[in-house]
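Please read the points below with the model open beside you.

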Amino acid sequence: YYTTFIESYHTEGKVPDRIDDDNCQVYLTARVNRARLRTKTRGLSREDLIDAHKLALREYEWLVDYKRRNPECATKPEIGMSRELALCEEMVG
């Protein structure tokens, strides 16, 4: 369901360069939660687990890149994503 929600923000199948302030928190939270969820799957083969972790890493990298391109998402208190984005940076290493 996170993917369906996230893709509802993509116009013509493209990820927008910037999400407006009113929707930024919910969009980024959905992406963080999707990345977290990908690392918590059970019952998969070793290769599938590795693929899931790679997808999660790419998601975290996208979030860190989004913060680099749009620093206000981490600094504006009304968006409130500074802690989550800092954790994404830790995950990327």
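1. Helices H3 (46-69) and H5 (82-92) pack with their axes 9 Å apart and at an angle of about 125°. Helices here are DSSP runs of H or I with at least four residues, numbered from the N terminus. Axes are lines fitted to C-alpha atoms over the stretch in contact, and angles run from 0 to 180 degrees between N-to-C directions. H3 and H5 are therefore oblique to each other; angles under 35 degrees count as roughly parallel, over 145 as roughly antiparallel, 65 to 115 as roughly perpendicular and the rest as oblique.

2. This is a predicted model, in which local features need pLDDT of at least 70 and side-chain atom pairs count only at pLDDT 80 or more, while totals for chains, interfaces and linings use all residues. Residues are numbered from 1 along each chain as its sequence is written, and side-chain values use heavy atoms, with hydrogens and water left out.

3. Which residues make the contact between H3 and H5? From H3 come Leu57, Tyr60, Glu61, Leu63, Val64 and Lys67, and from H5 come Leu85, Cys88, Glu89, Met91 and Val92. Contact means heavy atoms within 4.5 Å. By class, this contact of H3 with H5 has 8 nonpolar, 3 charged and no polar residues. Ala, Val, Leu, Ile, Met, Phe, Trp, Tyr, Cys and Pro count as nonpolar, Asp, Glu, Lys and Arg as charged, and the others, Gly among them, as polar.

4. The axes of H2 and H3 cross at roughly 155° and come within 7 Å. That makes H2 roughly antiparallel to H3. On the H2 side, the residues that meet H3 are Cys24, Tyr27, Leu28, Arg31, Val32, Arg34, Ala35, Arg36 and Arg38. Their partners in H3 are Ala52, Leu55, Ala56, Glu59, Tyr60, Trp62, Leu63 and Tyr66. The contact of H2 with H3 divides into 12 nonpolar, 5 charged and no polar residues.

5. The largest nonpolar core has 19 residues, of which Cys24, Leu28, Leu63, Tyr66 and Cys73 touch the most other members. Such a core is a set of buried Ala, Val, Leu, Ile, Met, Phe, Trp, Tyr and Cys residues joined through side-chain atoms within 4.5 Å. Buried means under 20% relative accessible area, exposed over 50% and partly exposed in between, with a 1.4 Å probe and protein chains only. H2 (21-38), H3, H4 (72-75) and H5 each supply at least two residues of this core. The largest share, 6 residues, comes from H2.

6. Tyr66 is in contact with Asp17, Arg18, Ile19, Cys24, Leu28 and Cys73, leaving aside neighbours within four places in sequence.

7. Asp21 lies in H2. Is Asp21 exposed, partly exposed or buried? With a relative accessible area of 25%, Asp21 is partly exposed. Not counting residues up to four places away in sequence, Asp21 touches Lys76 and Ile79. Asp21 and Cys73 are 52 residues apart in sequence but 7.8 Å apart in space, C-alpha to C-alpha.

8. Leu87, in H5, counts as partly exposed at 39% relative accessibility. Leu87 and Val32 are 55 residues apart in sequence and 9.7 Å apart in space, C-alpha to C-alpha.

9. Glu12 is in the loop between H1 (2-7) and H2. Phi of Glu12 is near 55°, a positive value in a residue other than glycine. Most residues other than glycine have a negative phi. Glu12 counts as exposed, at 81% relative accessibility.
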